[in-house]
Amino acid sequence: MRKVDQDNFLQELSRKNEKALEYVVDVYGGLIKTIVKRHLRGLTDYQEECINDVFLAVWQHSRSYDPEKGSFEKWLGGVTRYKALTYKRKYLKRQQAAGLEEIQEPGEESRELSQLVEELSDETEAFLSCLKEEDRFLFRQLFIEEMEPDEVARKNGIKRENLYNRISRGKKKIRRHFPKTGQEKGGADYERFI
């Protein structure tokens with residue numbers, strides 16, 4: 001097996017050389033851990049699982065990295081932020097499903113939960129800021145409220161085909177503003193919308 005270093009680790013990752021993944025763990029593990037801990041502070045039960053998911057995503061999707069759009073480190077930071085936001089959402093859904101009143105008393109956990117909800121909202125709004133207000137509304141309905149496309153079209157008085165066209169144009173605009181290397185304008189959840 002070939003020796004893996006800075007010059008060839010991406011090529012070796014795409015060839016599914018496990019040594020390349022070990023290289024990423026050794027060289028970029030600290031960065032990943034720092035980003036995950038910053039985004040999932042207070043959610044220590046989720047941190048290790050999230051870190052493992054980041055490495056799995058790197059293993060499975062390393063070919064989606066485009067060096068022309070930025071450094072591997074930035075791309076990896078974007079993947080890590082995305083995974084951390086996914087875990088925040090997962091935590092919030094579990095809390096909501098269990099009934100917040102039943103599982104926690106007012107206090108520190110309640111404040112942390114409120115802070116998480118606010119962070120997700122702020123990051124999502126920063127992410128959608130490149131769109132017109134009417135398109136942001138459609139994206140919120142489809143991707144955050146998880147409404148069915150037919151329902152969104154009906155509620156907004158537009159044809160389903162027009163909805164798909166607007167979403168398609170919005171996705172292209174998001175791709176231009178937030179390359180896959182990360183989210184320079186707020187760190188919101190890129191992969192969720194494209």
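The expected span of a helix is taken as 1.5 Å times one less than its number of residues, helices being DSSP runs of H or I with at least four residues, numbered from the N terminus. The model is predicted, so that local features need pLDDT of at least 70 and side-chain atom pairs count only at pLDDT 80 or more, whereas totals for chains, interfaces and linings use all residues. Residues are numbered from 1 along each chain as its sequence is written, and side-chain values use heavy atoms, without hydrogens and water.

View 1. The 18 residues of α3 should span 26 Å at 1.5 Å a residue, which agrees with the 26 Å between its end C-alpha atoms.

**View 2. The largest nonpolar core.** A nonpolar core is a set of buried Ala, Val, Leu, Ile, Met, Phe, Trp, Tyr and Cys residues joined through side-chain atoms within 4.5 Å. Among the 29 residues of the largest one, Phe9, Leu13, Val24, Leu40, Val58, Phe72 and Leu76 touch the most other members, and α1 (9-14), α2 (18-39), α3 (44-61) and α4 (72-98) each supply at least two residues. Beyond its neighbours within four places in sequence, Val58 is in contact (heavy atoms within 4.5 Å) with Leu13, Val24, Phe72, Trp75 and Leu76.

**View 3. The crossing of α8 and α9.** The axes of α8 (residues 149-156) and α9 (residues 160-177), lines fitted to C-alpha atoms over the stretch in contact, come within 9 Å and cross at roughly 105°. Pro149, Asp150, Val152 and Ala153 of α8 meet Arg160, Leu163 and Tyr164 of α9 in this contact.

Notes: Buried means under 20% relative accessible area, exposed over 50%, partly exposed in between (1.4 Å probe, protein chains only). Axes are lines fitted to C-alpha atoms, for helices over the stretch in contact, and angles run from 0 to 180 degrees between N-to-C directions.
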